[in-house]
Amino acid sequence: MGLIRVFQNGRLFKKMNVIENLMVSRHMRLKSNFFEAVFRFGRYPEEEKHAYAESMKMLEKLDLQKYVYEEAGKLPFGIQRKLEVARALCAQPSLLLLDEPVTGLNVEESNDMMDFVIKLRDEFDLTILLIEHTMRVVMSLCPNIVVIDHGETIAHGCAEDVRNDKKVIEAYLGVEDDAQN
């Protein structure tokens with residue numbers, strides 16, 4: 001249905017190289033049948049060539065081409081996170097769900113990931129649903145924010161409205177309501 005999720009905890013094929021990780025997502029779009037793929041005949045060779053070319057284009061768009069033949073598991077963690085997103089984009093989603101994309105990243109890597117998400121938003125004509133607990137990231141990236149507490153929506157709107165919402169402050173900053181004292 002066009003929804004692709006990038007998990008909070010990495011799901012790369014660590015022993016495969018970067019281009020192979022991207023091509024995995026492209027394979028779901030191939031029309032070849034099982035036998036064509038196993039015995040490499042019929043449509044498969046041409047589709048594989050096309051998948052490779054499209055994966056290379058994605059690496060270039062995202063400025064990851066210098067890692068093309070490196071083993072995914074040996075890349076710096078911030079690059080692995082970007083590779084996961086690139087792999088998701090190879091599946092051609094209409095909605096990209098990023099589950100805590102800055103988890104485990106230091107401040108510099110987090111800033112880089114934020115720039116990366118802005119690039120995705122601007123260049124891919126893509127709706128991005130971001131689940132994130134780092135408020136600096138949420139407030140910087142999200143034009144529309146929905147805050148959920150214990151499964152219920154407690155606020156929604158722009159960053160300024162959400163930042164000043166009494167329920168958000170109480171739920172996430174532990175400030176008690178004066179009327180309850």
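Me: Between which two elements is the loop that holds E100?

Reply: E100 sits in the loop between β2 (95-99) and α5 (107-123). Helices (H or I, at least four residues) and strands (E, at least two) are DSSP runs, numbered from the N terminus. A word on the model: it is predicted, so local features need pLDDT of at least 70 and side-chain atom pairs count only at pLDDT 80 or more, while totals for chains, interfaces and linings use all residues. Residues are numbered from 1 along each chain as its sequence is written, and side-chain values use heavy atoms, with hydrogens and water left out.

Me: What is the phi of E100, and is the residue buried or exposed?

Reply: Phi of E100 is near 50°, which is positive in a residue other than glycine. For accessibility, buried means under 20% relative accessible area, exposed over 50%, and partly exposed in between (1.4 Å probe, protein chains only). E100 has a relative accessible area of 13%, so it is buried. D63 is in the loop between α3 and α4, and it is partly exposed because its relative accessible area is 48%.

Me: Now the strands, please. How many bridges join β4 to β5?

Reply: Two strands pair if DSSP finds at least two bridges between them. Here, 5 bridges join β4 (residues 145-149) to β5 (residues 152-157), and the two strands run antiparallel. To follow the pairing on screen, find I148, which stands opposite T153 in β5. The hairpin of β4 and β5 has 2 residues between the strands, and H150 there takes a positive phi near 50°.

Me: How do I read a nonpolar core, and which residues touch the most other members of the largest one?

Reply: Such a core is a set of buried Ala, Val, Leu, Ile, Met, Phe, Trp, Tyr and Cys residues joined through side-chain atoms within 4.5 Å. The largest one in this structure has 49 residues, of which L62, L89 and L96 touch the most other members. Helix α4 (residues 77-90) supplies the largest share of this core, 7 residues. A contact means heavy atoms within 4.5 Å. Leaving aside residues up to four places away in sequence, L62 touches A86, L89, F116, K119, L120 and F124.

Me: Why is helix α1 described as largely enclosed?

Reply: Of the 10 residues of α1 (residues 18-27), 7 are buried, so the helix is largely enclosed by the rest of the structure. These buried residues are V18, I19, N21, L22, M23, S25 and R26. Their cover includes α3 (44-61) and α4. E20 also lies in α1, but it counts as partly exposed because its relative accessibility is 34%.

Me: What about salt bridges: how many are found in the whole structure?

Reply: A salt bridge is a side-chain nitrogen of Lys or Arg within 4 Å of a carboxyl oxygen of Asp or Glu. The search finds 8 of them. One joins R43 and E36, at 3.3 Å from N to O. R43 is partly exposed because its relative accessible area is 42%, whereas E36 is at 9% and so counts as buried.

Me: Which helix holds both E160 and R163?

Reply: Both lie in α7 (residues 159-163), 3 residues apart, about one turn of the helix. An α-helix has 3.6 residues a turn, so residues three or four places apart point the same way. E160 forms a salt bridge with R163, and their closest N and O atoms are 2.9 Å apart. E160 is partly exposed, with a relative accessible area of 43%, and R163 is partly exposed too, at 41%.

Me: Last one: is F39 buried or exposed?

Reply: F39 has a relative accessible area of 57%, so it is exposed. Its place is in helix α2 (residues 34-39).
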